[in-house]
Amino acid sequence: MPTPITSRHQGKIAIVTGSGQGIGRGVAVRLAQEGATVVIAEYNQQNADAVANDIKAAGGSALAYPIDISSVQQIETMVSEVVRHFGRIDILVNNAGLNKPAPLFDLTPDLWDPIHQVNERGLFFCLQTVAKQMVAQVPDEVKQQRRAPRSYGKIVNFSSVAGRSGRPYDAAYSATKWAVLSITQSAAAYLAPYNINVNAVCPGLVPTPMWDNIDKVQGTRQGLPPGDWIRQSIDRIPLKRAATAEDIAAAVSFLCSEDADYITGQALNVDGGIEMN
Ligand SMILES: NC(=O)c1ccc[n+]([C@@H]2O[C@H](COP(=O)([O-])OP(=O)(O)OC[C@H]3O[C@@H](n4cnc5c(N)ncnc54)[C@H](O)[C@@H]3O)[C@@H](O)[C@H]2O)c1
């Protein structure tokens, strides 16, 4: 029986990047159900509008905000727009990501660069720009003490099980997901004096449009019919099922809550037991 939805994010302002579909949509819906106002920061405007409307139709609060996070200029504009609208930012979920699987020898700069532009560079400058705003929201007397009595912000970065071990047919993507773990630790240490918590999640297999593409590329490479590669991958999961977006959203909501105030610089595997470390 699913855990009852609380109101633990009541009054908080949350930005969820890439929340127009897949896991990001699940996270946005969950945070809104728990009382947050959610900014749907998404490349695909139509999807952003649809998710924001769904949240509002369910009695929640949301703002669709079309953005390409590979542009630092657009990130800076988004943050100032969100602060102009809502006065503050309490939560950042760095979910937007791109994947173009290819065997190691077939990787070209044209495949490599866009993945790094979004998954690593875009993620980092979203974190940096939002964190500067979160620090600006910390009262001066707290800054002077350099020891904040409570949390002044939550940042959750999306890595992956592919950030835990290498991928011969997905090296560019895997490299970005390892980088996310490093960025998470660096930011957690830098922002600890302000008690801004920075953590990462490492999802396993979640059937989303991103996975449909992976199944197609990897399946074709092995001469498998559509869906077979993903089925074989699910068979290898100790809990014997793929994750749902809600499974990942539950872990993200926890890391954004006061229950996780004493957790920072960590990476939580949400993968049915694929990676046990
Ligand atoms: N699906 C999985 O099994 C899985 C596993 C591990 C990690 N992840 C990670 O979880 C996150 C979400 O994955 P998903 O499966 O929901 O992917 P998805 O492809 O279904 O959705 C990604 C969303 O991000 C948006 N996006 C992409 N580039 C963007 C940009 N430059 N600016 C703004 N928005 C952009 C897309 O428009 C899309 O709505 C990604 O970081 C992914 O790497 C997914």
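Which residue caps the N-terminal end of α2? Asparagine 44 does: one of its side-chain oxygens lies 3.1 Å from the backbone nitrogen of glutamine 46. A polar contact is a pair of N or O atoms within 3.5 Å; within protein, one must be able to donate a hydrogen and the other to accept it, and residues adjacent in sequence count only if both atoms are side-chain atoms.

This is a predicted model, in which local features need pLDDT of at least 70, side-chain atom pairs count only at pLDDT 80 or more, and totals for chains, interfaces and linings use all residues. Residues are numbered from 1 along each chain as its sequence is written, and side-chain values use heavy atoms, with hydrogens and water left out.

Start with helix α2, residues 45-57. Helices (H or I, at least four residues) and strands (E, at least two) are DSSP runs, numbered from the N terminus. Helix α2 has 13 residues and reaches 18 Å from its first C-alpha to its last. That is close to the 18 Å expected at 1.5 Å a residue, where the expected span is 1.5 Å times one less than the number of residues.

Ala48, Val51, Ala52 and Ile55 of α2 are buried. Buried means under 20% relative accessible area, exposed over 50%, and partly exposed in between (1.4 Å probe, protein chains only). The buried residues of α2 pack against α1 (22-33), β2 and β3 (61-66). Contact means heavy atoms within 4.5 Å. After α2 comes glycine 59, whose phi is positive, near 95 degrees.

Now turn to β1. Five of its five residues are buried, so β1 is largely enclosed by the rest of the structure. In a regular strand the side chains alternate between the two faces of the sheet. Ile13, Ile15 and Thr17 point one way from β1, and Ala14 and Val16 the other way. Strands β1 and β2 run parallel and are joined by five bridges; two strands pair if DSSP finds at least two bridges between them. Valine 16 stands opposite isoleucine 40 in β2.

Asparagine 119 is buried, with a relative accessible area of 0%. Its side chain reaches the backbone nitrogen of leucine 98 at 2.8 Å. Leaving aside neighbours within four places in sequence, asparagine 119 is in contact with residues including Ala96, Gly97, Tyr173 and Val180.

Finish at proline 66, in strand β3. Proline 66 is partly exposed, with a relative accessible area of 35%. Not counting residues up to four places away in sequence, proline 66 touches Glu42 and Gln45.
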